Amino acid sequence: MSWIVSLPLIIPFATAVLSFLWRRSHLGGLVSVTGAAAQLVAAGVLMASTWQNGYTVGQMGGWDAPFGITLVADLLSAVMVVITAITGLAVAVYALSEIDARREELGYHALFHVLLTGVTGAFLTGDLFNLYVWFEVMLIASFGLLVLGGTKAEIDGGVKYVALNLVSTMLFLMATGLLYGLTGSLNMADLAQSVRASDNQGLVTVIAMMFMVAFGVKAALFPLFFWLPASYHTPAFSVSAVFAGLLTKVGVYALIRAFTLIFVSDVALTHQILLWAAVLTMITGVLGAASQNDFRKILSFHIVSQIGYMVLGLALFTPLALTGAVFYLVHHIIVKANLFLVSGVAHKLAKGTDLSRIGGLYKTAPLLAFLFLIPAFSLAGFPPLSGFWAKYVVVKASFEAGAFVAGAAALVVGALTIFSMTKIWAEAFWKDHPDGQEPRLRDIALRERLLALAPIAGLAALTVVIGLFPAPFLDLASRASAQLLDPQAYIDAVMPGGPS
Amino acid sequence: MNSLLLSVASRFFVTLLLMFSVFMLLRGHNLPGGGFIGGLIGAAGFIVYAIANGSQAARRTLRIDPRVIASSGVGIALLAGLSAALFGKAFFTGTWLIAGSIKLSTVIIFDIGVYFAVFGAILTLVFALEEAV
C-alpha cells in the first residue's frame, strides 16, 4: 500500500534528478518523457487500488499517523494524480518541440518534473505542514520555469508571481502554526477530529478564514487573482500550459480538502463567503477576458472565471455540487492545458499572440483550427463535449440548492465564454493575416510538428471521450464527492486504531 | 579581492572547514549537526576561497560543477529513501545495515545526500552572484 501511494511522487522526483544530470545531451528530453509516462502508469495503479479499496494510505518512514507524515489517496486525490500525470506527459512531449538547448542546459526538464512532484505531493499528502512543503516545492520550481528564458517580460511576470504567492504561503504557514497551537496536531485526519472537539470555535473560524485567503490566492479566487493574468502570458508555452492546467487547481484542491474535512463546523459562514467569492470570480474573470486582446491573456483570465465554477461546487456543499466540482476540475485541466498548447503552435505559425497582429490560421492550418475548436467549445460548454456536462452539473446543483443568483451567473458566464472563444476564432483563425503571411503547418519540420500536435490531439480526444461517454466519469466524480462528504471514513482509513 | 594574506589563509580555511563540515555531518546522528549544517560549513570554505582567489579559481579547485553536486546529492537522498524497499518497509523507513562490528544506517546516507545538495546549491548561488557582479 505504502509504495503504491508513494511511487507517483518518487518517479517524477527521480526523473528530475536524472534529467538534470543528462541535461546537455538529448537523453534529458527522453528521460523526461519516459519519466512522465512511468508516472502515468504509477498513477493508474494508484487509481485502481483506490477505486477498489476506497482509500490508499501509506505511513512514510513507518511512523503511524498522527505522528509521521501520511500519504492518503481518496478518489479525489487519485483522480487528480492521474490527470496530473496525463497533463505532465502531454506537456513533456510538447516541450521537446519547443524548449531550446539553452533552456534545457539550464535545467528545464528537471524543474518541470520537480513541479510535477510538488503538484502530486500536494494532492497526496495527508499532513497540513507537508502540504505547505509541497506548495514551496511548487513555488520554487515554477519560479525557475517562469524566468528560465531570462527576458525582461519573463522576469517582470516572475516577480509579480513570486511576491503574491509568498504572501499566500506566509499566511498559510501562520495559519498552520495557529492551528497546531490550538490542537497539537498537523495530521489532517487527526485535525478533523480535534477541530470539531475544540471549545474555541471562534478561533477555529478565524483560522479557517486565514486558510481560505491563503488557498484563495493559490486558486486565483476573487479578489486575489491579480498575479495570474500578470504572469501566465510571459513564459514558454509549455510552461504556461502546465501552469494553467495544474497550479491553480492545487489551490482549489486544497480549498476542497480543507473545507470538507477540517473546517466544517461553521458551514453557514465559511461556505457562504466561498459562494459569493465564486460568483464574483466567475464574473470578473470572464469580463477581464473580454477586455483582453492577446491569445494567452484571454486564456489566463478564463482560468480565473472557470475557477469560480469549481469553488461554487464546493460552496454549495451538496453531493451533486461536489460531484460537479470534481468533474469540473478534471475537465478544466485537460481543456485549459490544451488551449495553451494550441496557442503555442499558433504563435509559431503566425509569429505572435497579439490577436490584432495574427490571423489566417484557418486557411493555412485547418488542422490546428480544428484542434482549437474542440477545447474552445468544450471550455464554453457546448454539448457533447466535456465542458457541457461539467457546467450542466454545477448549474443544476446550484438551482437545486436554491442558489439562483449563482446558477444564473454561471449560465451568463458560459455565454460570455463563447464570446471570448469566438473572438480568438475570428481574429486568429478566420481573418487574413495582417501582414499577408501564409504560414503552413508543413513549414515546421516533421519531427517538431508531430511532437507539438500529438499531445494536442491526445488531449482533444480525451475531451471528446469524456463528452461522449460521461457516465463512468460522473460515476467516479459522484463517488469522490460522497467520500468528501463523509470525513469519518477518511479519518478511519488514516487512523484505523481510532483516535490517539 | 587581491590580498596575499587572504589568498594564503584561504587554502587552510578550505581544508579546515571541509574537515569540520564532515565532523558536523557525522556528529548529527545523535547530537546537533547533520547534513544541512555540514553542507553549509563545507560551502563556507569554498566561499572564502572564491572571495580570495576569484570564483573561476574556486570552480577549478572544486573540479565538479556545483549544480551536478547538488543534484547528485538529491539523488543520493532519494536512494536512501528507496533503500527501505529492499527491507520491505515503507518509503523512507530508516534501517540498519550491520556487517560484523560496523553498523551503518540508511539515515546517514540520506544525510550525506543532504550534505551534497546543500553544498552544491549554496555554491551554485554564490558563484552565480560573484560572476554577475
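Residues are numbered from 1 along each chain as its sequence is written, and chains are lettered from A and ligands numbered from 1 in the order in which they are written. Because the model is predicted, local features need pLDDT of at least 70 and side-chain atom pairs count only at pLDDT 80 or more, while totals for chains, interfaces and linings use all residues.

**Chains A and B**

The contact draws 14 residues from chain A and 13 residues from chain B; two residues are in contact if their C-beta atoms, placed from the backbone, lie within 7 Å. On the side of chain A that touches chain B, the elements giving two or more residues are helix 1 (2-21) and strand 1 (56-59) of chain A. Helices (H or I, at least four residues) and strands (E, at least two) are DSSP runs, numbered from the N terminus. Helix 1 of chain A contributes the most to this side, with nine residues. By class, the side comprises eight nonpolar, six polar and no charged residues. Ala, Val, Leu, Ile, Met, Phe, Trp, Tyr, Cys and Pro count as nonpolar, Asp, Glu, Lys and Arg as charged, and the others, Gly among them, as polar.

In chain B, an unreviewed UniProt entry lists residues 6-124 as "domain: Na+/H+ antiporter MnhB subunit-related protein"; such annotations may be inferred rather than shown by experiment. The span is 71% helix and 7% strand, and its end C-alpha atoms lie 22 Å apart.

Axes are lines fitted to C-alpha atoms, for helices over the stretch in contact, and angles run from 0 to 180 degrees between N-to-C directions.

| Helix pair of chain A | Angle | Axis separation |
|---|---|---|
| Helix 14 (residues 319-350) and helix 17 (residues 386-400) | about 155° | 8 Å |
| Helix 11 (residues 237-262) and helix 14 | about 165° | 7 Å |

Helix 14 and helix 17 of chain A are therefore roughly antiparallel, a term for angles over 145 degrees. Their crossing is left-handed, meaning that the near helix is turned anticlockwise from the far one by less than a right angle, whereas clockwise is right-handed. Among the residues that meet are A:Phe327 and A:His331 in helix 14 and A:Trp389 and A:Lys396 in helix 17. This contact has 10 nonpolar, five polar and two charged residues.

Helix 11 and helix 14 of chain A are likewise roughly antiparallel, but helix 11 passes helix 14 in a right-handed crossing. The meeting residues include A:Phe237 and A:Lys249 in helix 11, and A:Lys336 and A:Phe340 in helix 14. By class, this contact has 13 nonpolar, six polar and two charged residues.

Key
Parallel < 35°, antiparallel > 145°, perpendicular 65-115°, else oblique.
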